[in-house]
Structure formats: C-alpha cells, structure tokens
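Biologist: I have the sequence and the model open. Please show me how to read a few features.

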Amino acid sequence: MGKLGFGLMRLPLLDPKDEKSIDKEQVCRMADVFLERGFTYFDTAYMYHDHESERAVKDVLVKRIPREKYTIATKLPLFHLEKEEDLERIFNEQLEKTGEDYFDYYLLHAMSGERYDNVQRLGCFDFISRKKAEGKIRHIGFSFHDKAEVLDRILTDHPEAEFVQLQLNYLDWENPKVQSRKCYETAVKHGKKVVVMEPVKGGTLAKLPPEAEKLLGAIHPDWSNASWAIRFAASLEHVMIVLSGMSSMEQMLDNSGYMQDMEPLGETEKQALAQVVEMIHEAAKIPCTACRYCMEGCPMNIAIPDYFALYNARLGDSENLAYKERYAELTGEHGKASDCVECGQCESVCPQQLSVTHYLKDIAKAFEG
C-alpha cells in the first residue's frame with residue numbers, strides 16, 4: 001500500500017479559527033491524488049479536529065470510494081475512558097461517524113505508563129481483540145508516548161498487539177526524553193511493525209534555520225525540508241507507514257510525489273541530518289508539535305500550542321510588535337500565559353514531555369511584560 005499515510009489531524013480549514021470547519025472539497029481532491037499515486041492508508045482519531053475528523057472520513061472516502069481501495073485507522077481515546085461501558089459506546093460511535101462496518105487498523109490511543117493501569121483495569125486489549133475476532137477490526141495495535149522500558153513491558157504483556165505507532169523523526173532519534181531510536185528498537189525486538197507519527201515533528205522540521213536549509217539544499221536542491229524528514233523515517237526497515245498530516249494540496253503533491261519511488265537515505269544524507277539536529281538545538285525553539293492534547297483539560301483555557309508557535313516565530317524578530325498584537329487577540333478568547341495555575345495537567349499528557357509551565361512563564365515575560 002506504499003509507506004506514506006495520510007494523517008487526518010491537520011486538514012485544511014474553511015475558518016482557521018474553527019477546527020470543525022474542515023474544507024472537505026479540498027480534502028477530497030487531496031485524497032484522490034493520494035489514492036491515484038498508489039497509497040491507501042488514512043489515519044484519524046476520535047478527538048482530531050474537535051471530534052470531526054472521523055465524520056470527514058464518511059464524506060471524503062466512504063461515500064465516494066469503493067471500500068477495497070483504501071484502509072482506515074482510528075483510535076480508542078484512552079483519556080476518555082472511565083468505565084468498561086465506555087469502550088463499546090465509543091467504538092460504536094466511531095463506526096457510526098465514519099459510516100464504516102469495520103476498521104482496518106484500530107489503536108489504543110496515546111498509551112503511556114501512566115495510562116497502562118487503567119487500560120489493564122478496563123480490559124482494553126481484550127476488547128479490541130474481541131472486536132477483531134468479530135470482524136470489526138482487521139489489525140490491532142497502539143500509539144505510544146513514553147520511555148522504551150515501558151514499551152517493552154507492554155509488548156511483553158500483550159504480544160497480541162500487531163503494530164506500534166511511535167513518534168519518530170531525526171530530531172528525536174537520540175532525544176533522551178522521547179527516545180525515538182530506543183522505542184523503535186524495542187518494537188523491532190518484539191517483532192512488531194512500526195507506524196510513524198510526527199515525522200516532521202508538527203511542522204518543526206519543515207521550517208529549518210537558514211544555515212540548515214543551505215546545508216540540505218547543497219546536497220539535494222529539489223528536496224523539500226519536510227521530504228528529508230519523511231525520507232528519514234521511511235528509510236527504516238521495519239517502518240510500515242509514515243504518517244504525514246498534510247494540510248494543503250501542495251504538501252500532498254510533494255509527499256506523494258517522492259514517496260512513489262523513494263530511495264533510502266545514504267550516509268551523506270544521514271550525516272547532513274545529524275548536523276541539522278545540532279543547528280536546530282542551537283535555535284532554542286520550543287519543540288511543540290501542536291497536537292493540542294494539552295488544551296483538552298486546561299482549567300484556564302490557555303491556548304498553549306498557539307502561544308508556543310507565536311513565541312517560536314518571534315525568535316530573531318523580537319522587536320516586531322505584530323507578535324504582541326496577535327498574542328493580545330488570542331487572549332481575548334483564551335487565558336493568558338500568566339493565568340497558568342501550574343496544575344500539571346498539560347505536562348502529564350504532552351507527548352514531547354515539555355516543561356509547559358516553565359515555557360508559559362517565558363511567554364508571559366515576552367508578551368505581557
């Protein structure tokens with residue numbers, strides 16, 4: 001089915017301020033190109049686009065495309081589960097929203113050591129195994145945000161998991177917190193295929209420091225920054241799918257174009273990316289991927305990823321008042337960075353394990369001082 005997956009997490013919008021306003025006409029055109037170029041894997045989840053992404057699947061795929069032409073992956077939201085009845089209720093809701101009779105790939109969403117006890121208590125693995133036996137799921141797995149030793153324990157306990165979805169990119173490959181390489185090697189040790197999420201790290205690796213762009217451009221002038229990141233992940237032997245959250249036709253044409261006949265990276269390319277990692281670290285940006293997990297339970301309704309993006313964009317241009325004006329607009333609908341009560345909810349769910357409360361203090365100083 002090709003190694004490129006279409007992530008339905010950052011779709012084009014009719015209204016940039018409304019996550020529900022998915023531009024379905026554009027997404028339909030993007031999906032057609034994706035399928036025409038030999039790719040089939042579409043990835044959605046219960047909470048994406050403020051719970052509207054799964055509904056978009058019905059209009060973009062189910063109503064238009066023969067079922068055998070595409071594969072769908074979606075996820076059981078572990079952060080919404082309190083009792084066993086929730087599993088059946090949410091699963092049935094997902095079938096209804098998508099208009100599907102079954103899911104090709106079904107994942108326990110955002111597994112971590114902290115959530116694992118609840119997963120065990122509610123029998124989540126038994127539930128998805130039962131749905132597989134009923135023909136409602138073809139393949140079962142989980143997405144994962146934690147250390148390699150936790151992944152090793154879960155895969156040891158549950159060999160029935162067929163694949164693991166990992167955050168994997170060249171910037172996090174040796175990151176001691178994210179542990180991309182160690183988690184990948186752990187999955188391989190257990191004989192599991194890997195689905196890659198955040199290969200471009202939420203767009204971070206599409207916008208590189210000028211010296212990094214110059215370095216990569218000297219090697220392959222026709223490669224986009226994002227393509228370097230996706231090629232890195234796709235070059236790994238045990239990677240089954242590399243997800244890209246494409247939000248425009250331009251991104252779709254770029255990614256699907258080079259991924260049709262992609263050659264694995266060689267040593268020259270790998271060494272160049274190692275240098276780029278050093279350059280990025282020197283730029284000292286907040287490495288947020290804008291997944292927005294942090295906002296769901298924020299008691300002060302702070303627009304954390306939006307403030308992080310604004311702060312990063314401001315670097316090198318700190319005297320530009322436009323950034324403060326944009327911050328003021330955002331605080332009209334959301335809490336200020338200084339409103340943070342340091343409850344820790346955001347940090348407990350952050351896949352990047354960022355010190356969110358610390359960064360919010362920096363942002364308050366930059367925009368409110």
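Biologist: Where does H49 lie?

Modeller: H49 lies in helix α2, residues 48-51. Helices are DSSP runs of H or I, at least four residues; strands are runs of E, at least two; both are numbered from the N terminus. This is a predicted model, so local features need pLDDT of at least 70, side-chain atom pairs count only at pLDDT 80 or more, and totals for chains, interfaces and linings use all residues. Residues are numbered from 1 along each chain as its sequence is written, and side-chain values use heavy atoms, with hydrogens and water left out.

Biologist: Is H49 buried or exposed?

Modeller: Buried means under 20% relative accessible area, exposed over 50%, partly exposed in between (1.4 Å probe, protein chains only). H49 has 3% relative accessibility, so H49 counts as buried. Its phi is near 50°, a positive value in a residue other than glycine.

Biologist: What is the phi of E198, and where is E198 found?

Modeller: Phi of E198 is near 55°, again positive in a non-glycine residue. E198 sits in the loop between β7 and α9. At 12% relative accessibility, E198 counts as buried.

Biologist: How do I read the packing of α10 and α11?

Modeller: Start with the axes: lines fitted to C-alpha atoms, for helices over the stretch in contact, with angles from 0 to 180 degrees between N-to-C directions. Helix α10 (residues 225-234) packs with α11 at about 40°, and their axes are 11 Å apart. Angles under 35 degrees count as roughly parallel, over 145 as roughly antiparallel, 65 to 115 as roughly perpendicular and the rest as oblique. The two helices, α10 and α11, are therefore oblique to each other.

Biologist: Which residues make that contact?

Modeller: Contact means heavy atoms within 4.5 Å. From α10 come A226, S227, I230, R231 and A234; from α11 come N255, Y258 and M259.

Biologist: How many residues of α10 are buried?

Modeller: Ten of its ten, so α10 is mostly covered. Those buried residues pack against β7 (193-197), α9 (210-219), β8 (239-244), α11 and α12 (267-283). Take S227 in α10. S227 is buried, with a relative accessible area of 0%.

Biologist: Which backbone oxygen lies 2.8 Å from a polar atom of the S227 side chain?

Modeller: That of S224. A polar contact is a pair of N or O atoms within 3.5 Å; within protein, one must be able to donate a hydrogen and the other to accept it, and residues adjacent in sequence count only if both atoms are side-chain atoms.

Biologist: What joins the side chains of N255 and Y258?

Modeller: A polar contact of 2.9 Å. N255 is in helix α11, residues 249-259. N255 counts as buried, at 3% relative accessibility. Leaving aside neighbours within four places in sequence, N255 touches L4, I230, S244 and M246.

Biologist: How many residues has the largest nonpolar core?

Modeller: In soluble globular proteins, nonpolar side chains tend to be buried together. A nonpolar core is a set of buried Ala, Val, Leu, Ile, Met, Phe, Trp, Tyr and Cys residues joined through side-chain atoms within 4.5 Å. The largest here has 89 residues. Those with the most contacts inside it are F42, L108, M111, F125, F142 and F144. Apart from it lies another core, of 25 residues, among them M295, Y323, C346 and A366.
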